[in-house]
Amino acid sequence: MSLFDDASLVLIPDGAKDGKLYSVKPTDGTGDFTFTRGSNLAATRVDENGLIEKGRENLLLQSNQFDTTWVNANSTNTSGQSGYDGSSDAWLLSKTGANGRITQTKSISSIFTFSVYVKKGTTDWVLLYKTGTGEGGRYFDLTNGVIGSSVATAPIDSNIEDVGNGWYRCSIIGNSATAVVIYVADSNGSVSGTSGNIYIQDAQLEQGLVATDYIETGATTAQAGILEDLPRIDYSGGASCPALLLEPQRTNFEAHSEYLDAAAVKDNVVITSNATTSLEGVDNASNLVDNATSGLHRFYSIPSTTAASGVTMTHSIFAKANGHSWFQLSSGGQTNDQWANFDLTNGVIGNSSASANADIQPMGNGWYRCVINSTTSASSALVATIPTLTNDTDASTRSPVYSGSGNGVFLYGLQCEEGSYPTSYIPTYGSSVTRSVDGLSISDIQTNNLIGSNQGSFVFHYKTYNAYTGNAGEIYDFRIDSNNRMATYFSNGTLRLFSNIAGVTNFNQATTLDGDTEFKIGVAYDTNSTLVYINGALSYTLNSFDLGVTNFDIAPPADGLKIGDFSWFPTKLTATELAAITTI
């Protein structure tokens, strides 16, 4: 018999849906865990291809039912047309008078992309338009597959993609809207004609700088990707086997993590949006290019918070060389600036200020996550300043002066958060965004014979993020209530195993550990004694313990966890078995 056969519960992060993480054993549902995060689509993960995966939402209603929420003006719709996807789900949009169009009212106050699949009919042109502040749009040529002129305020960006059989996916990117509009156009720059038609299908309105895979909607909006309560099965760091990513609540105070051209100040640089493929695998990374001026070459981004004295803040951004191999990241206000230079060819840190606490993390395909943190010495605006450099010696101080050469760096995912290290990427599109804490729990564990009361064992495999300097919360918690529980938690750089029975502490043992370290901890108990093994070695022997509990949860410490797997047993494992199962 194997330990797997003996186990009452085995969880390996793999199968999941929104609100649920499935156990490998048992398979009848009694071992499945409830997962919560909620509130929004702010969470991301690194998928099995090494790409950042976000939560996505089509904000339109009836996204391919153009005779419902959509409003016709001097136009009519005919359903049942041959679509780009081989279906009969396309529509013929015909105008019956000047400015023939179809509109859906939708208030959005962030960076957005409006897209629709279009094919020429009796006319060769379409105009995509948005109303509200900065009202305007773009014409698209449906014969030659090219972008035409803009009307009123030009979009931030536009795109036309050939999807075959005469169909194109056309999109415009804007910043806030009160409605989106599809016009049947007569030519480049004209919608005044009184006749003509085009084919349309699958409209989408989403946050961000690029059109992503289409999400069908009906009477409500629809979501895809990392949903609000979807467990994050994560492959970051080039892992071949995934881990369950559990993180504390964090806020990205940067209002624009991707639309960097919205920066408050730009000195002798040009920022081009959607210039290259980002770590999402789509073209939404920016290109920061210097000009020939002798002077500062940089931009400022001012987060939507002011930190008090003594607060540790971390700035991070993903960067890739593009002519310049070096760039600088600095954080702070006028009295506490910290900065570091980053080599984007060799992946190393160059010159830096004395207490910059910088880091550079390879992300693949030439991309690095560059990090700097500092503890504020006075109330400050926490400005992120990002200059380009020609080499490391350009900067013996923050923001060097040099003569530009028209080269640049690619950038994506600017983040400013309170804490000593960067958490997973939190996208923002016009305002700060908070990702809620991840929580994992299961109830009725003894009713369902998942763990024993008078005897049992449990083994956890996890990795910490960083060294712990304070009371950082439980890793796991078996409990009836606060007076009857067994928990493992971090405190002041130590791992503690804690037991409380009827309000009386049974044991509270500590093991010194290093941060960012992989651990397997195993506990086996009965009425005689309790054995604790960490990474294959006996850590300590404790009192007997009666685990008379009903519920279990994992509340991630302040610095987060990656859970590789865990297993429970209804009986006490031997010392030999604990040593074997906890060896990494």
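Visitor: Are E417 and R250 buried or exposed?

Guide: E417 is buried, and R250 is buried too. Buried means under 20% relative accessible area, exposed over 50% and partly exposed in between, with a 1.4 Å probe and protein chains only.

Visitor: What kind of model is this?

Guide: It is a predicted model, in which local features need pLDDT of at least 70, side-chain atom pairs count only at pLDDT 80 or more, and totals for chains, interfaces and linings use all residues. Residues are numbered from 1 along each chain as its sequence is written, and side-chain values use heavy atoms, with hydrogens and water left out.

Visitor: Back to that pair. How do the side chains of E417 and R250 meet?

Guide: They meet in a salt bridge, at 2.7 Å from N to O. The term covers a side-chain nitrogen of Lys or Arg within 4 Å of a carboxyl oxygen of Asp or Glu.

Visitor: Where do E417 and R250 lie?

Guide: E417 is in strand β35 (residues 408-418) and R250 is in strand β21, so the pair ties together parts that are 167 residues apart in sequence. Strands are DSSP runs of E, at least two residues, numbered from the N terminus.

Visitor: How many salt bridges does the structure hold?

Guide: It holds 14. One of them is between the side chains of R45 and E53, at 2.8 Å from N to O.

Visitor: What does the side chain of K54 meet?

Guide: K54 meets the side chain of E258 in a salt bridge, with 2.6 Å from N to O. E258 is in the loop between β21 (250-252) and β22 (265-267), and K54 is in the loop between β6 (52-53) and β7 (55-58), so this pair ties together parts that are 204 residues apart in sequence. Both E258 and K54 are buried.

Visitor: New topic. Which residues make a nonpolar surface patch?

Guide: F4, I12 and V24 make one of about 240 Å². For such a patch, residues need over 30% relative accessible area and no salt bridge, and nonpolar side chains (Val, Leu, Ile, Met, Phe, Trp, Tyr) are joined within 5 Å, like charges within 9 Å.

Visitor: Where does V24 lie?

Guide: V24 is in the loop between β3 (20-21) and β4 (33-36). With a relative accessible area of 34%, V24 is partly exposed.

Note on methods
Accessible areas come from the Shrake-Rupley method with a 1.4 Å probe; for residues, only the protein chains shown count as cover. Helices (H or I, at least four residues) and strands (E, at least two) are DSSP runs, numbered from the N terminus.
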